[in-house]
Amino acid sequence: MKTNIGVFFGGRSTEHEISVISASQAMHAIDRQKYDVTPIYIAKDGKWYTGDALFDVSNYRDIPGLIKRCRQVYMRPETGNFNLYLSKKPFLGSDILTNLHVVIPVLHGSNGEDGTFEGVLETIGIPYAGCNTLASANGMDKITMKMILQSAGIPVVDYTWFTDKEWQAKRDSIIEKIESSLHYPVIVKPANLGSSVGIGAAADREQLIERVNDARRYSTRIIVEHLVRNLQEINCSVLGDSDEYAASVLEEPIKTGEFLTYEDKYMGGSKGAKGMQASQKRIPAELPTEMTERIQHLAAETFRVLSCHGVSRVDVIVDRDTNEIYVNEINTIPGSLSFYLWEATGITFPQLMDRLVTLALKRRRELAQKTQTYDANIFALGKGTKGVKGAKGVKA
């Protein structure tokens, strides 16, 4: 019997469409001689659907029509239950549609890449590819990520952060802090979004206020960073787990402005999105050997320090005036799964998908060797007494 891979994509995220594109590429790359593939599309309202029509990306032009050709499904949050159930139980027969063996999440952005969905999978106990709940959450939140990297000695640009409510209550003092510690120009970002959504540069106070107000539409936490004027953006993918990992060749995305926009990343500056490989880039990036090795080292260290798993992409900034290198962010579920970087490194897309499955199963085996519960009943210890001695909140 073939291993049945459940590929989850879509989701309640501003990166919904990018997730669909990435998942479509990933599903077509999976070796069907070795694996079965079950597509599970999470619509923008959070409902799950499956069906063969989900394999064809052109069908997503008409979402209501697509959903009519699919069946609504769900999984039960029961440890060890890997069944995919029909939401509407048939009059005759079982409501079990299929049994999944491993999951590959291709959910970009909030409610998927941030650890939310990974927590569901961990509750069920099914093997899955990619970072666990903690690593996903830390990698998704730009503020937490930078704090962790700083503590590990990994260079990041100077930054400050605040909440949307703090901005409302003490806007003037926040602006003064930004102007005195970071200076203009700065770049404003929602703390927990990707794909350059809600990001904007500010050269003065008026633009700063405008950019923060825009970022507040997407997140409760805002980060403001010093904007390196003469910058070069470089990306590096890392594959493996936090104990054994490898870095890919480097790429230099070609931007049309001060920083990479949503259109630069996914539309090549025009219409007709094809995923991250549609953007203009140089592979490998034209850098001195010493700088290439330094960036690969920092990418690998970022992956290790955040306890990442599977495939991630680390984006760095090179200050061309000083040659200083800064880690900008990590994408724990990168667009297109960075397959083009691994192809340039010597690993084909089907081989990459195979490695993700292997890593998922390996992690599940290792976790199964750890103690999950104690075979003890503390309530029985208090039998014959008025309470359990030492229990929190109970007086002995």
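## A charge over a ring

The charged end of arginine 76 sits over the ring of tyrosine 85, at 3.9 Å from the ring centre. A charge counts as over a ring if NZ of Lys or CZ of Arg is within 6 Å of the ring centre and within 35 degrees of the ring normal. Arginine 363 is placed over the face of tyrosine 128, 4.4 Å from the ring centre.

## Basis of the model

This is a predicted model, in which local features need pLDDT of at least 70 and side-chain atom pairs count only at pLDDT 80 or more, while totals for chains, interfaces and linings use all residues. Residues are numbered from 1 along each chain as its sequence is written, and side-chain values use heavy atoms, leaving out hydrogens and water.

## Aromatic pairs

Rings of Phe, Tyr and Trp (its six-membered ring) pair if their centres lie within 6.5 Å; planes under 30 degrees apart count as stacked, over 60 as edge-to-face and the rest as tilted. By this rule there are 11 aromatic pairs. One of them joins tyrosine 41 and tyrosine 60 edge-to-face, with 5.6 Å from centre to centre and 70° between the planes. This pair links distant parts of the chain, 19 residues apart: tyrosine 41 is in strand 2 (residues 35–42), and tyrosine 60 is in the loop between strand 3 (48–50) and helix 2 (63–68). Helices (H or I, at least four residues) and strands (E, at least two) are DSSP runs, numbered from the N terminus. Tyrosine 41 and tyrosine 60 are both buried; buried means under 20% relative accessible area, exposed over 50%, and partly exposed in between (1.4 Å probe, protein chains only).

Tyrosine 74 and tyrosine 85 form a stacked pair, because their ring centres are 5.5 Å apart and their planes are at 25°. Since tyrosine 74 belongs to strand 4 (residues 71–74) and tyrosine 85 to strand 5 (residues 83–86), the pair ties together parts 11 residues apart in sequence. Tyrosine 74 is partly exposed, at 28% relative accessible area, whereas tyrosine 85 is buried, at 4%. Phe8, Trp48 and Phe117 make up one aromatic cluster.

## Serine 312

Serine 312 is located in strand 15 (residues 309–319). Its relative accessible area is 0%, so serine 312 is buried. Leaving aside neighbours within four places in sequence, serine 312 is in contact (heavy atoms within 4.5 Å) with residues including Cys131, Cys236, Phe303 and Pro334.
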